[in-house]
Amino acid sequence: MVQVYLVFTMNYFPWLTLVVVFPIFAGSLIFFLPHRGNKVIRWYTVCICIVELLLTTYAFCYRFQLDDPLMQLTEDYKWIDFFDFYWRLGIDGISIGPILLTGFITTLATLAAWPVTRDSRLFHFLMLAMYSGQIGPFASRDLLLFFIMWELELIPVYLLLSMWGGKKRLYSATKFILYTAGGSVFLLIGILGIGLYGSNEPTLNFETSANRSYPVALEIIFYIGFLIAFAVKSPIIPLHTWLPDTHGEAHYSTCMLLAGILLKMGAYGLVRINMELLPHAHSVFSPWLMIVGTIQIIYAASTSLGQRNLKKRIAYSSVSHMGFIIIGIGSISDTGLNGAILQIISHGFIGAALFFLAGTSYDRIRLVYLDEMGGMAIAIPKIFTTFSIVSMASLALPGMSGFVAELIVFFGILTSQKYLLMTKILITFVMAIGMILTPIYSLSMLRQMFYGYKLFNAQKFYFFDSGPRELFVSISILLPIIGIGVYPDFVFSLSVDKVEAIISNYFYR
């Protein structure tokens, strides 16, 4: 008993392995549950998600030192002898936020998926498999393991799309898999290039790779490969066209996972691999990232305004907000990178909340086109109120997380030592135009859905408002959005030391 106690209390216990493997292992037991309707399966899945979230929170609260920028909770096990392949896991200030976000959003997405009754076992198993596949990349310390985890979540997303999507689900699922699998080819080539460079033995360890230097031309080639892979996932224009189709067709619980976590994996990869492992190439490419990010904010916001489909409008708004993350990463400053990481967390909550509320609205009126809606505010006041608050968060209302994140990215550009004053002013000015476009499409979406008399005058007009489950999900997402807006230090305290280490180690040496 003493030995068991010591294993749990000391750092010997494989917390991260448990966190990564538990959801998919517990999910595979769903198929052995008794056939007693969908209720058992739903409650089982929700309980697994809650246990996983509590495990993660416990491990991070009691085993993680905030002021240490190095990898913590590290695990290093030989996996495949022949290939010299290791199971290496570890977290630092950058990965802890996305992992907690993944746990939180996935738990709420399983609650949001309550109305799904067809093939319930398979659906909930795929949700849990996706949970493991999304935590994996954030916790990996080995390049090949990162790639395997990156691929692991593609299959559940494809199946969730093609089996529980809308009318064009097969088209959008095929488009999704072609884009993401195409991006993964570049990721694999880049990983093998870094792993096999300069030695017969493959070195795939993050720490070892970070301390190596490459010829500039080769580093740029690696960088472009990784950039294409992460640009598909983030998405960065012009590789974003799979996203509106996917969001337009997917069930809203899948949309919550896509908008809340999947897009953030691309941004995380840019920081973890492109910035940390390839610093010289990053300083060459960072001005281009800034330009692309700025164009993306304006382009996606303008395109969003022209969308009739509610979910596609929200999808384009996601693409627009991801532009701020790209600019923060390209600014090469402490403030900018901290702002990008805050925006990753902030938009994870806001994007998931918008898709959840769009889905609950669709459940009631069965309409997807904005010009067919109108006058819903009177019938469903609770949904109207929560939708309005989340839309305000999306358009960066002060006091909400979106405002703080975008403001800090602005400061990051202005305090960056890499760019000339004129360049900084120009980029800030163009970004400000993008921020003006955001309220236009957000508020017009609210106006078309909730104001006017269109549906109110329709025959047989009766909808029921949010039930306790939907209210619980809405409020659970709203609390962190407002909490981070009021007290952003909660996120900064996790990432600030690691960000400082990245910037000082790689760019001012």
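I looked up burial first: 60% of the 509 residues in the protein chain are buried (under 20% relative accessible area, 1.4 Å probe, protein chains only).

I noted the ground rules. This is a predicted model, where local features need pLDDT of at least 70, side-chain atom pairs count only at pLDDT 80 or more, and totals for chains, interfaces and linings use all residues. Residues are numbered from 1 along each chain as its sequence is written, and side-chain values use heavy atoms, with hydrogens and water left out.

Next, the whole chain. I found 20 helices and 2 strands (DSSP runs, H or I of at least four residues for helices, E of at least two for strands, numbered from the N terminus). The radius of gyration is 22 Å, close to the 23 Å that the globule rule gives for 509 residues, so the chain is as compact as a globular protein of that length. That radius is taken over C-alpha atoms, and the rule is 2.2 Å times the number of residues to the power 0.38.

Helix H14 (residues 310-330) packs with helix H18 (residues 421-450) at about 160°, axes 11 Å apart. Axes are lines fitted to C-alpha atoms over the stretch in contact, and angles run from 0 to 180 degrees between N-to-C directions. H14 and H18 are therefore roughly antiparallel (over 145 degrees).

Last, the residues that touch. In H14 I listed, among them, Leu310, Phe324 and Ile327; in H18, Met431, Tyr441 and Met449 are included. Contact means heavy atoms within 4.5 Å. The residues of this contact divide into 9 nonpolar, 6 polar and 1 charged (Ala, Val, Leu, Ile, Met, Phe, Trp, Tyr, Cys and Pro count as nonpolar; Asp, Glu, Lys and Arg as charged; the others, Gly among them, as polar).

Technical notes:
Parallel < 35°, antiparallel > 145°, perpendicular 65-115°, else oblique. Buried < 20%, exposed > 50% of the residue type's maximum accessible area, 1.4 Å probe, protein only.
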